Amino acid sequence: MTEIDLYDNNGNHYATETAQIATQYAYGNGANTSCWATKRTVSELLNDLPIYAYFALDISGVSIINDLIGGVTITIPEDYTEIDPAFEKGKTITLNGKQAEKYIRYRDKYLIGGNDLRMQRQAQYIPALFNSLQKISDESDEKLEKKFESVMDYMVTDLTAEELVELLRMDWEMEDIVSVPGESVKGEKYEEFYVNEEELENLLIKMFYKLK
């Protein structure tokens with residue numbers, strides 16, 4: 001929950017309200033203006049931390065990218081057979097596109113903290129996806145850029161193809177993904193997550209600043 005900016009159809013700011021940060025994306029064209037507004041709001045939430053770039057991926061693009069690289073292999077950490085019978089705890093599975101979409105999309109909306117579980121699965125899947133992408137990282141820059149271009153219709157980003165290739169070649173681990181500290185509570189209509197401002201400030205100082 002944070003302050004989000006409301007814009008009319010012409011892109012004019014007319015109000016600010018407290019709401020789930022994800023709703024900020026809706027106040028735009030679903031592409032660059034949505035990303036710009038979200039980038040700005042996230043920066044404000046993180047005590048005006050500068051954000052270099054944005055990257056948004058349509059959920060339908062997950063399946064296509066997943067299958068483009070031959071699947072993504074993960075070990076199921078909990079019993080998620082309610083999502084898919086194949087998602088048995090402790091089982092190592094190479095997700096096909098449809099399974100990948102279900103794995104990162106499903107949320108039990110009746111469970112407080114259900115979104116936390118979904119984000120944990122996303123935090124597991126994203127590094128595994130990038131590590132699988134590294135299987136094709138030995139290909140020439142030209143071939144890699146062509147593969148990115150084949151899924152560009154599902155992406156919105158201000159990164160160049162060259163920068164995307166550079167990200168691809170980085171080492172990614174689940175431990176590198178850090179959650180904002182706070183607490184989930186039941187709101188009047190939807191689940192609400194409130195940031196612990198003191199813990200967030202300490203986290204930001206630890207991650208992004210160093211003593212001179």
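Mentor: E3 stands opposite T18 in strand β2. The two strands concerned are β1, residues 2-7, and β2, residues 13-19; they run antiparallel and are joined by six bridges. Strands count as paired if DSSP finds at least two bridges between them. Strands themselves are DSSP runs (E, at least two residues), as helices are (H or I, at least four residues), and both are numbered from the N terminus. The hairpin of β1 and β2 has five residues between the strands, and G11 there takes a positive phi near 85°.

The model is a predicted one, in which local features need pLDDT of at least 70 and side-chain atom pairs count only at pLDDT 80 or more, while totals for chains, interfaces and linings use all residues. Residues are numbered from 1 along each chain as its sequence is written, and side-chain values use heavy atoms, with hydrogens and water left out.

A pair of aromatic rings is described by two values, the distance of the centres and the angle of the planes. Rings of Phe, Tyr and Trp (for Trp, the six-membered ring) pair if their centres lie within 6.5 Å; planes under 30 degrees apart are called stacked, those over 60 edge-to-face, and the rest tilted. This rule gives three aromatic pairs. In one of them, the centres of the Y7 and W36 rings are 6.3 Å apart and the planes stand at 65°, so the pair is edge-to-face. Y7 belongs to strand β1 and W36 to helix α1, 29 residues apart, and the pair thus links distant parts of the chain. Y7 is buried, at 13% relative accessible area, whereas W36 is partly exposed, at 45%. Buried here means under 20% relative accessible area, exposed over 50%, and partly exposed in between (1.4 Å probe, protein chains only).

F87 and Y103 form another edge-to-face pair, with 5.3 Å from centre to centre and 85° between the planes. F87 lies in the loop between β4 (72-75) and β5 (92-95) and Y103 in helix α3, 16 residues apart, and this pair also links distant parts of the chain. Both F87 and Y103 are buried. Together with Y80, these residues form one aromatic cluster.

Helix α3 (residues 97-105) packs against helix α4 (residues 114-133) at an angle of about 135°, with the axes 7 Å apart. Axes are lines fitted to C-alpha atoms, for helices over the stretch in contact, and angles run from 0 to 180 degrees between N-to-C directions. Angles under 35 degrees count as roughly parallel, over 145 as roughly antiparallel, 65 to 115 as roughly perpendicular, and the rest as oblique; α3 and α4 are therefore oblique to each other. From α3, A100, Y103, I104 and R105 meet R118, R121, Q122, Q124 and Y125 of α4. These contact residues divide into four nonpolar, two polar and three charged. Ala, Val, Leu, Ile, Met, Phe, Trp, Tyr, Cys and Pro are counted as nonpolar, Asp, Glu, Lys and Arg as charged, and the others, Gly among them, as polar.

Helix α4 also contains S132, which is buried at 5% relative accessible area. Leaving aside residues up to four places away in sequence, S132 touches I69, G71, V72 and T73, where contact means heavy atoms within 4.5 Å.
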